[in-house]
Amino acid sequence: MSDWTDRPGDYRTGQDPRGAPPLSFRVPPPSTRTAPLPGMPSPAAPGRYDSGPGPRGGRGSRNPRRRAGRGRRYLRNAAVLSSVLVLGGAGTYVWADTRLNQDVDLGALGARVPAGEGTNYLVVGSDSREGLSEQDRKDLRTGSAEGRRTDSVILLHTGAGGTTMLSLPRDSWVTLPPYVDPDTGRSYRAAPDKLNAAFSLGGPDLLVRTVERNTGVRIDHYAEIGFAGFVGVVDAVGGVDLCLDRPVRDKDSGADLPAGCQTLDGAEALAFVRQRKQEAQGDLGRTRNQQRFLAALARKAATPSTLADPSKSLPTLRAGLDTLIVDDGTELPDLMGLFEAMRKATGGGGRQLNVPVADPDLRTPKGSAVKWDERRARALFGALREDRPPGG
């Protein structure tokens, strides 16, 4: 067992047993297990879940602490509204609010884990080609596959215990809860599979239920952005600055970037965050790159020159909304809260973590997968549920 595995609570450091680190940082080495993890809520355990109509007419139970924080929420909403009014007037706020695609109903999900402390966002980057022309698909090398699959899954927690951005590798070997195929109506039992399969088989609903089942963390808000929106946001802010300590080349994603500091446009950024074949730890290396890029994007989008310039801020807002899908409880102030939490996590005011793993190349009937470390993952998820700093 490695030294890293022997140190409780350290999810951030360690040596790669198989060679080179992904770009300019080290990836946590393998540290054991598929989910649901022992000690976590299980659908078979009575009394651990709430379901059915809640006090708000079918949207499930709400966290009682939120009622106590209404004053703070009103102040935050007022601040957001004031900012939007300054940038583009009341019409801009109304326009942006009505553009939200609130297509996910978290309140309709059954057998959910109990609410914890703080607020949890599930942020999904999907490979949806919606909004891309045939030429765009060719230029961006996105392929022609229809439907949506996950390219990234991030659990973002914010609360009194600080802000944590936790990447869940899309190849994580987890347990899918029982579900009904939305296309055929056929029912399926709970079974092990990759996390990405939850999204492709049952969309956001099954993905949220799978994440909750395997982490024990209640998801409060869902946000998903497709390829077109990602590219549009990067281009709208004028590109994102990134320094690479070695060249990045991947024919599948189209990445062809030299070593050194450079400004990535939307197409280059998409290729960079999608590539993984030259990473020593594959999917784990890709999640590290995604976190690193999001940090750079958050810094660029939050600069005064971007926020105060309507020619940049409004196109950024428009590009983000074009392919954004959120839950029906998410409004514009909630998105601002999401952005602020992401900015804190990537700007030194929070933590960027990868789920601890025991085996990054687990052999399964569904191909190579990422097996979580039982003890460390359980401790990490427990800290998020209780709004404690991980490892504290």
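The following legends describe close-up views of a predicted model.

**View 1. A disulfide joins Cys243 to Cys261.**
A search of the whole structure finds 1 disulfide, and in this bond between Cys243 and Cys261 the S to S distance is 1.9 Å. Cys243 belongs to strand β10 (residues 240-244) and Cys261 to strand β13 (residues 260-264), so the bond ties together parts that lie 18 residues apart in sequence. The torsion about the S-S bond of Cys243 and Cys261 is about 100°, and the disulfide is therefore right-handed. With a relative accessibility of 38%, Cys243 counts as partly exposed, whereas Cys261, at a relative accessible area of 63%, is exposed. A disulfide is a covalent bond between the sulfur atoms of two cysteines.

**View 2. Arg112 and Glu212 meet in a salt bridge.**
The side chains of Arg112 and Glu212 come to 2.5 Å from each other, N to O, in one of the 7 salt bridges that the structure holds. Arg112 has a relative accessible area of 5%, which is under the 20% cut-off, so Arg112 counts as buried. Glu212 is likewise buried, with a relative accessible area of 2%.

**View 3. Helix α6 bends at Gly202.**
The bend of α6 at Gly202 amounts to about 140°, and a proline, Pro204, follows within four residues. A straight helix of 21 residues would span 30 Å at 1.5 Å a residue, but the end C-alpha atoms of α6 are separated by only 12 Å. Of the 21 residues of α6, 17 are buried, so the helix is largely enclosed by the rest of the structure. Just after α6 comes Gly216, which takes a positive phi of about 75°.

**View 4. Arg378 and Glu374 form a salt bridge within helix α13.**
The side chains of Arg378 and Glu374 meet with an N to O distance of 3.4 Å. Because they are 4 residues apart in helix α13 (residues 374-385), Arg378 and Glu374 are separated by about one helical turn. Arg378 is partly exposed, with a relative accessible area of 28%, and Glu374 is also partly exposed, with a value of 25%.

**View 5. Arg363 forms a salt bridge with Asp361.**
In the pair made by Arg363 and Asp361, the closest N and O atoms lie 2.9 Å apart. Arg363 has a relative accessible area of 64% and is exposed, whereas Asp361, with a relative accessible area of 24%, is partly exposed.

**View 6. Tyr179 and Tyr188 form a stacked aromatic pair.**
The structure holds 2 aromatic pairs, and one of them brings together Tyr179 and Tyr188, whose rings are 5.0 Å apart from centre to centre. An angle of 15° separates the planes of Tyr179 and Tyr188, and because planes under 30 degrees apart count as stacked, the pair is classed in that way. Tyr179 is buried, with a relative accessible area of 11%, while Tyr188 is partly exposed, with a relative accessible area of 29%.

Key: Residues numbered from 1 in each chain as written. Predicted model: local features only at pLDDT ≥ 70, side-chain atom pairs only at ≥ 80, totals over all residues. Heavy atoms only, no water. Disulfide = S-S within 2.5 Å. Helix = DSSP H or I, 4+ residues; strand = E, 2+ residues; numbered from the N terminus. Buried < 20%, exposed > 50% of the residue type's maximum accessible area, 1.4 Å probe, protein only. Salt bridge = Lys/Arg side-chain N within 4 Å of Asp/Glu carboxyl O. Phe/Tyr/Trp six-rings, centres within 6.5 Å; stacked < 30°, edge-to-face > 60°. Expected span 1.5 Å × (residues − 1). Bend = angle between axes of the 7 residues up to and from the residue.
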